[in-house]
Amino acid sequence: MCGIIGVVGYNDVNTEIINGLTTLQHRGQDSAGLVTFDGNFHLKKGSGSVGTVFKNINLNSVRGNYGLGHVRYSTIGSTDEVDAQPIAVNYPFGIAMVHNGNVINFVELRKKLYEEHHRLLDTSNDVALILYTFASILEGKDLKNLKVNDIFDTVEEVQKNVKGAFSAITIIANRGFLAFTDPYGIRPLVMGRKYTDQGVVYAFASESTTFDYLGYELVRDLKPGEMLFVDKNRNIHTRIGKTKKQAFCVFEYIYFAREDSVIHDRLVASERVRMGRKLAETFDRSGLKPDIIIDVPNSAYFFASAMAETMGVPYRRGLAKNHHMGRSFITPNQKEREKMVKQKLNPIRDIVKGRKVAVVDDSIVRGTTSKHIVQLLRDYGAKKVYFVSAAPPIKHPCIYGIDMSVKKEILASHYNSDEIAKFIGADAVIYQNLDDIKELYKDLPICHACFSGEYPTGITNELLDEIEQEKLGSNRV
Ligand code: AMP
């Protein structure tokens, strides 16, 4: 998963991009990057968080009133700098790009690029594939008389050829600024606007929270398959390109996006409250009666508090979190992960002691976190521990950019909830009902492939295997 931002300003946009990236840091901490354009591209990127990468940056070396930024959470490809974004090519005109999502037909496209356009992809980063495809097709247009429609036709070709999830922002040197999404609109991309003395400044970002911090007004989300071009005179052109039935990733609402972001006119926090109320109904049907409901900080707060409110059971913060630890989920091996989870959370003794505790987390993937939490709560004297997952059972890998590991490690693809309760040591495991999630999103078509195995783009077993192998090898080149 990744976070992206782009700004079309009048003055230098470097600080705005860097500040904007800090608001998207939750979407990836493996690498960060920035490109600006002032007649030339100026690129700065590296491994690590925004603070690390831009710590000693000389702002004079990244000047320009057009800019793009990116934070990366590597799902496939390495965490090395070579796979960091943005990337730029010098043909035609010079084009820079950032993207969020995951391309699934990487091998096929790489071959096609080489055979049809004679371009050799020298990175395992799929933005390179989108950019090379875009640039190679654009190169075939009448470049002396390039029209907006030529750019849009090129995006449509990209949408036709590139399979998977992509939300991309692009600078086309001396021509303009382009944003586009895949035909399903799987990943979020929002547009913002700010009025200044010099004119209107436009920005694009993965999440609206960025606009709140930077003082932009949220204009709207890009629609599935939409392309939006801001020309040199700041005129906006749009076209809906290749579209399929919308399939917005529901895991963005459950876990990934920040609670203060608004995506598709829905505040993430309110979505979690709605899901928490549904969880309460499911929990009630189990016949179990907790004395207290606690959350696993931080993403489960709204689920747990809404669930407690609905059930008439007290909600308390029952686990303290050390915010200064890295993320446990993407630590490379199981032993390391367990160690890290251990150092991260600590029960608040009197809240859990002698009580029947329902503990709510956003999801269970490998069960590492939940197993450890159950043990901790027992060590601190909880009488019963009911583990509640705000997400339905995750049974299938995400191929659209959320790192859910490979199938053999995903617990619910092999075990039912009683077996999982046993595995993590809980008295019961209660999962959100997938039908309830579908009911909550009857007005916004969602992707729920990780729960249902229904991949909106379609997928063959061979391709799934290929993606898993790439993940295990973490190397596409
Ligand atoms: P696990 O310990 O493998 O069962 O993972 C579940 C925990 O990881 C939950 O506490 C989630 O908050 C977190 N989590 C779930 N999905 C992801 C993801 N794609 N990236 C990072 N963390 C995640």
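## Two buried tyrosines

Y400 and Y455 are both buried, a term that stands for under 20% relative accessible area, with exposed meaning over 50% and partly exposed the range in between (1.4 Å probe, protein chains only). This is a predicted model, in which local features need pLDDT of at least 70, side-chain atom pairs count only at pLDDT 80 or more, and totals for chains, interfaces and linings use all residues. Residues are numbered from 1 along each chain as its sequence is written, and side-chain values use heavy atoms, with hydrogens and water left out.

## Aromatic pairs

The structure holds 15 aromatic pairs. Rings of Phe, Tyr and Trp (its six-membered ring) pair if their centres lie within 6.5 Å; planes under 30 degrees apart count as stacked, over 60 as edge-to-face and the rest as tilted. One of the pairs, F37 with F41, is tilted, at 5.0 Å centre to centre and 55° between the planes. F37 counts as buried because its relative accessibility is 8%, whereas F41, with a relative accessible area of 24%, is partly exposed.

Y400 and Y455 form an edge-to-face pair, at 6.2 Å centre to centre and 65° between the planes. This pair links distant parts of the chain, 55 residues apart: Y400 belongs to the loop between β21 (384–389) and α13 (417–424), and Y455 to the loop between α15 (449–452) and α16 (461–473). Helices (H or I, at least four residues) and strands (E, at least two) are DSSP runs, numbered from the N terminus.

## Domains and nonpolar cores

The domain assignment of the protein gives domain 1 (2–247) and domain 2 (267–448); such bounds come from an automatic or database assignment. The C-alpha centres of domain 1 and domain 2 are 34 Å apart. In domain 1, 14 residues are in contact with 13 residues of domain 2, where contact means heavy atoms within 4.5 Å.

A nonpolar core is a set of buried Ala, Val, Leu, Ile, Met, Phe, Trp, Tyr and Cys residues joined through side-chain atoms within 4.5 Å. The largest such core has 60 residues, and those with the most contacts inside it are F251, I293, M307, V360, Y441 and F451. Domain 1 and domain 2 each contribute at least three residues to this core. A second, separate core of 32 residues includes L131, Y132, V162 and L178. Leaving aside residues up to four places away in sequence, I293 touches a set of residues including A304, M307, M311, Y315 and V360.

## Helix α3

Helix α3 (residues 106–117) has 12 residues and reaches 15 Å from its first C-alpha to its last, close to the 16 Å expected at 1.5 Å a residue; the expected span is 1.5 Å times one less than the number of residues. F106, L109 and L113 are buried in α3. They lie on the same side of α3 because they cover an arc of only 65° around the axis, taken from the directions from the helix axis to the C-beta atoms.

The buried residues of α3 pack against β6 (95–103), α4 (126–139) and α5 (148–161). The face turned away from the buried side of α3 carries the exposed residues K111 and E115. Just after α3, H118 takes a positive phi of about 55°.

## Strand β13 and I240

I240 lies in strand β13 (residues 236–240) and is partly exposed, with a relative accessible area of 43%. Not counting residues up to four places away in sequence, I240 touches K223, P224, G225, E226 and M227. The C-alpha atoms of I240 and R220, 20 residues apart along the chain, are separated by 15 Å.
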